[in-house]
Amino acid sequence: MSTYQRNAEATPGSLWDRAPDHLAYRGSRENITALLGDRPGVAGVAVPACPDWTVLDLVGHLLEVCRTVAADAPGNLWEVPHADSGDGLDGLLAEWARLDAPVERVLTESPQLRHTMLMMDAFTHEMDLRAALGAEVLPDHPSYPSSLDLVVRGFANAVRTLGLPALRIEAPGAEWLAGDGEPAAVLRGHRHDLLRSLTGRRSLDQITELAWSDAPQAWLPAFTWGPFRPPARPVEVAAER
């Protein structure tokens, strides 16, 4: 395998306990609904982590991805277009809530990697919204463990494709191996910073400023993978923890 994850320090109730995908996904939906319900009139606010998207666009994307998975339809989730926003933000959120039962049924009856992608996508966009609206980052969000497992897997595929040496990635309480063979360097960081770096939310300069055991330049091209591209300029700062 090109990646692994080890919870050597994890204990019951720790930050590395994994929630089922459907529960973690529901958590992001409920968090986003509560976040936007407390901020009337934010539909047109720009989301810096998603160039050219507004809050309304982002929620439209989340709804259409949910529709796709609830219908068990094929296709890459990151290529799904926005839902029609004619009903406005409240209408999109209301339909998203109504899809809770069918999407849970699909996620629990036929679990697959794509369903973890659904959860990770919602969590990533929840963090995008929090950054755009100046809201608090949740350090104990249940989506972190499985989301990091998933994105390190994608990053590891890029490491291998580019012919790069393996990299060990460490957060307090967990570690992963990205690539094949003995790691040539170690990247350490808080799990929030690592997740945002691996999902195209941090610039290459910001990634370079993380805690590396060796010069990071060789691995920087691997941070462009799948739908993710580091922004040319910072779109958010590291969260205060």
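**Close-up views of a predicted model**

**View 1. Helices α5 and α7 pack with their axes 11 Å apart, at an angle of about 105°.** This angle makes α5 roughly perpendicular to α7, since values from 65 to 115 degrees count as such. On the α5 side, the contact is made by Phe123, Thr124, Met127 and Asp128. On the α7 side, His192, Leu195 and Arg196 take part. As in every view here, the coordinates come from a predicted model.

**View 2. Helix α7, residues 191–198, is mostly covered.** Eight of its eight residues are buried. They are Arg191, His192, Asp193, Leu194, Leu195, Arg196, Ser197 and Leu198. The elements covering these buried residues include the helices α5 (113–133), α6 (144–161) and α8 (204–208). The strands β2 (167–171) and β4 (185–188) are also among them.

**View 3. Thr199 sits in the loop between α7 and α8.** Its relative accessibility is 1%, so Thr199 counts as buried, the limit being under 20%. Apart from neighbours within four places in sequence, Thr199 is in contact with Met120, Thr124, Val151 and Phe228. Gly200, which follows α7, has a positive phi, near 70°.

**View 4. Helices α1 and α3 pack at about 155°, with their axes 11 Å apart.** The two helices are therefore roughly antiparallel to each other, as angles over 145 degrees are classed that way. The crossing in which α1 passes α3 is left-handed. From α1, the residues that meet α3 are Tyr25, Arg29, Ile32, Thr33 and Leu36. Their counterparts in α3 are Leu89, Leu93, Trp96 and Ala97.

**View 5. Six aromatic pairs are counted in the model, one of them formed by Tyr25 and Trp96.** The ring centres of Tyr25 and Trp96 are 6.2 Å apart and the ring planes stand at 70°, so the pair is edge-to-face. Tyr25 belongs to helix α1 (residues 21–37) and Trp96 to helix α3 (residues 88–98), so the pair ties together parts that lie 71 residues apart in sequence. Tyr25 is buried, with a relative accessible area of 2%. Trp96 is buried too, at 1%.

**View 6. The rings of Trp212 and Phe223 form an edge-to-face pair.** Their planes are at 70° and their centres are 6.4 Å apart. Trp212 lies in strand β5 (residues 211–212), while Phe223 lies in the segment after β5. Eleven residues separate Trp212 from Phe223, and the pair links distant parts of the chain. Both Trp212 and Phe223 are buried. Ring pairs also bring in Phe155 and Trp219, giving a cluster of Phe155, Trp212, Trp219 and Phe223.

**View 7. The largest nonpolar core holds 70 residues.** Leu36 and Phe155 have the most contacts inside this core. Helix α2 (residues 55–70) gives the most to the core, with ten residues. In soluble globular proteins, nonpolar side chains tend to be buried together.

**View 8. Phe155 and the residues around it.** Leaving out neighbours within four places in sequence, Phe155 is in contact with Leu167, Ile169, Ala178 and Leu198, among others.

Notes:
Residues numbered from 1 in each chain as written. Predicted model: local features only at pLDDT ≥ 70, side-chain atom pairs only at ≥ 80, totals over all residues. Heavy atoms only, no water. Core = buried A, V, L, I, M, F, W, Y, C linked by side-chain atoms within 4.5 Å. Buried < 20%, exposed > 50% of the residue type's maximum accessible area, 1.4 Å probe, protein only. Helix = DSSP H or I, 4+ residues; strand = E, 2+ residues; numbered from the N terminus. Contact = heavy atoms within 4.5 Å. Phe/Tyr/Trp six-rings, centres within 6.5 Å; stacked < 30°, edge-to-face > 60°. Axes fitted to C-alpha atoms, helices over the stretch in contact; angles between N-to-C directions. Parallel < 35°, antiparallel > 145°, perpendicular 65-115°, else oblique. Left-handed = near helix turned anticlockwise from the far one by under 90°.
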